[in-house]
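Please look over this model with me. My notes follow as numbered points.

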Amino acid sequence: MIDLILEYNTNPYHKTINRGVPMNKEEREQFFEDKISDHLPYVVRVKTR
């Protein structure tokens, strides 16, 4: 939830630098094929003051 809180809460003390799933298409397919999880990892980089 931290990515949603930081992205949708307007706050002058932080800025989202980038966000997304840190995997290419093949890695995503393997992730689900290996049944590691039914949720992909998600990374958010934030700059704070």
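1. Start with the order of elements. Reading from the N terminus, the protein chain runs α-β-α-β. That comes to two helices and two strands. Keep in mind that this is a predicted model.

2. Next, burial. The protein chain has 49 residues, and 6% of them count as buried. Here buried means under 20% relative accessible area.

3. Now the surface. The protein chain exposes about 4,500 Å². Carbon and sulfur atoms supply 53% of that area.

4. Then the contacts. Take those in the protein chain between residues at least 6 apart in sequence. Of these, 46% join residues at least 24 apart.

5. How many salt bridges does the count come to? The count is one salt bridge. Lys25 forms it with Glu29. Their closest N and O atoms are 3.7 Å apart. The pair qualifies because the cut-off for a salt bridge is within 4 Å.

6. Where do the two partners sit in the chain? Both belong to helix H2, which covers residues 25-33. Lys25 and Glu29 are four residues apart there, so about one helical turn separates them.

7. Glu29 is partly exposed, at 47% relative accessibility. The labels differ because exposed means over 50%, while partly exposed lies between that value and 20%.

8. To check on screen, find helix H2 at residues 25-33. Then locate the salt bridge between Lys25 and Glu29.

Notes: Residues are numbered from 1 along each chain as its sequence is written. This is a predicted model: local features need pLDDT of at least 70, side-chain atom pairs count only at pLDDT 80 or more; totals for chains, interfaces and linings use all residues. Side-chain values use heavy atoms; hydrogens and water are left out. A salt bridge is a side-chain nitrogen of Lys or Arg within 4 Å of a carboxyl oxygen of Asp or Glu. Buried means under 20% relative accessible area, exposed over 50%, partly exposed in between (1.4 Å probe, protein chains only). Contact means heavy atoms within 4.5 Å. Accessible areas come from the Shrake-Rupley method with a 1.4 Å probe; for residues, only the protein chains shown count as cover.
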